[in-house]
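Please look over the sequence and the model shown here, and then follow the paragraphs below from one part to the next.

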Amino acid sequence: MALMTVTSSNGPPTLAEAAAQLGVAVEDLNESYGVVPIDPDKRLYSVEVREDRAPPTTEQPYRGPYSNPPIAPFGPIEGDKK
Amino acid sequence: MRIPVIVVLPKQEPLQESAAAGLEGKAPTDLSRARAPSGITLDSNFVAVPLGGAAAKPALESFAPERSESFAVRGFLDAESPEAIPTTADGNPLFADPRIEPFITCGGAPPVGDAAAVAAKLNVAALAAQGLSGDGVAIAVMDTGINLPHLTAKLGFAPKFDAANSWSAPGVPTAPGAHPVGHGTMCAFDALIAAPKATLLDFPILRGSAPGGSVMGGFLSVALMGFAQLLVNWGVAFSPTGARKYKALVSTNSWGIFHPSWDFPAGHPGRFLDNPNHPFNVVVSTLARAGADIVFAAGNCGTDCADGRCQGRTRHTIMGASAHSEVLTIAGCDTTDKRVGYSSQGPSIPGMYQEKPDVTAYTHFKGSEAFGVGSPDSGTSAACPVAAGCVAALRTKAALSSVAPSVMIQTLRQSARAALAGQRGWNSDYGFGIIDPAAAATSFGVAAVSERAEERVS
């Protein structure tokens, strides 16, 4: 899944509204992830989109796809290289 | 060039006097009366050391100053280069006197000190005496989840815990406070060293992506969900402008990315590591703007003994949210104040805030034993919650209305204790120095407990 952003001036958009904004089917969004607020002041929200359905990246402002890399704890140390 | 050497000299009265003074704990005596080889200047700041009798295995009694046949003394000689150093001086053997330093702490090393030593280093008793114990402050542990029974057993008391305002990541079957013992429990323990009366919030962001909840990693999108939930909680459920439940919120984050290959390629507009516009970096800004203090570990890719997952890459390894301008970024040192060899060094990745780490905190000590009896709380993973606990302790009295998160960061930088002789300003190993919550408290005017003002970094 790739991260993308959507905007809404009337509070958090529904999943269907987010899908329409991105030009994808609602089934292409991760329903369990939902619509996640990232900056309410800017009315900015995040959704997860199937990577093979993520729309092109030519639009401005850039809305994604953004990377969703693995993350790991910074400890304990594994196999340090001296 | 002036080269320090150790020279072995036959017995003579000034050397016997010097050795006797050393054994009695007295100040070194003057060695100017001793017969020194030509070209050697003896160092009167060091006592002569008796080497015993002439036998191959001298008897113990022969090491008494009055009985010893020879003595080792420190001196200096002048030589054009190291290759020009003679092996003897007037027939007396010369030996090197090289600089020695303690071995740097790396992964796999045993603990260096314990949680009590960390508390002493942070002047926690003095903080507590001033009422700076974290009472009324929430610490959100963004990690693998907390195990309260283990934590209670190791702390010796039941910590304050807010299950209602904790979070359950999708797919994680265990309840807040009931997760397997591991990294998150270690972080919770370490956060309470300086702030034992703070309230823990459990945000198991590293357990939400794999079936059953992986205990050793997740995906950034889950962390984003956790941060968004924390934002909602802080803004609504315990709003500082509404029904005030907590004075302040501290978010401790001992996680990140070990290598850029985990992310989109360099130059991609959706990349995370060097992109302030990535949604996760945006939500970090939003939470900071809402008044939360956000603390991140610098990472474990230090030059001396980087974690294997760094793949040998040790430059610009403070990346992503760890290099965010609105978080407090923490390097690690052991309880002797020496940087641990795996602690990532600055400057951070180009494109992000460069002067990272901000400050250094303690790690690699015996604490939670979350990874087994005798195992250290290690990594910048441990240093980060230690620092977060310091912030929580300060927040007991340093109100958000007068001390914004940015001011908290700036004050902790300015009040940090110099880690290196003559350190002024930012340093790539330690940032602005070792965190000194007592000095910060003095700066805020909420306590007057600093005993180290003369060591302050300007």
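Which residues in α4(B) meet which residues in α5(B)? On the side of α4(B) they are His150(B), Leu151(B), Lys154(B) and Leu155(B), and these meet Thr185(B), Ala188(B) and Phe189(B) in α5(B), where contact means heavy atoms within 4.5 Å. By class, this contact has four nonpolar, two polar and one charged residues, with Ala, Val, Leu, Ile, Met, Phe, Trp, Tyr, Cys and Pro counted as nonpolar, Asp, Glu, Lys and Arg as charged, and the others, Gly among them, as polar.

This is a predicted model, in which local features need pLDDT of at least 70 and side-chain atom pairs count only at pLDDT 80 or more, while totals for chains, interfaces and linings use all residues. Residues are numbered from 1 along each chain as its sequence is written, chains are lettered from A and ligands numbered from 1 in the order in which they are written, and side-chain values use heavy atoms, with hydrogens and water left out.

The axes of α4 (residues 148–155) and α5 (residues 183–191) of chain B come within 10 Å and cross at roughly 40 degrees; axes are lines fitted to C-alpha atoms, for helices over the stretch in contact, and angles run from 0 to 180 degrees between N-to-C directions. Helices (H or I, at least four residues) and strands (E, at least two) are DSSP runs, numbered from the N terminus.

In chain A, an open sheet of three strands has the order β1-β3-β2, with antiparallel pairing, and two strands pair if DSSP finds at least two bridges between them. Strands β1 (2–7) and β2 stand at the edges with a single partner strand each, so one side of each has no neighbour in the sheet. Six bridges join β1(A) to β3(A), and Thr7(A) has Leu44(A) as its bridge partner in β3(A). Three bridges join β2 (residues 36–39) to β3 (residues 44–49) of chain A, and these two strands form a hairpin with four residues between them, where Arg43(A) in the turn has a positive phi of about 55 degrees.

The chains also meet each other: 57 residues of chain B are in contact with 32 residues of chain A. A second open sheet of three strands draws on both chains, in the order β10(B)-β4(A)-β12(B), and its edge strands are β10 (218–219) and β12 (255–256) of chain B. Within this sheet, Pro70(A) stands opposite Phe219(B) in β10(B).
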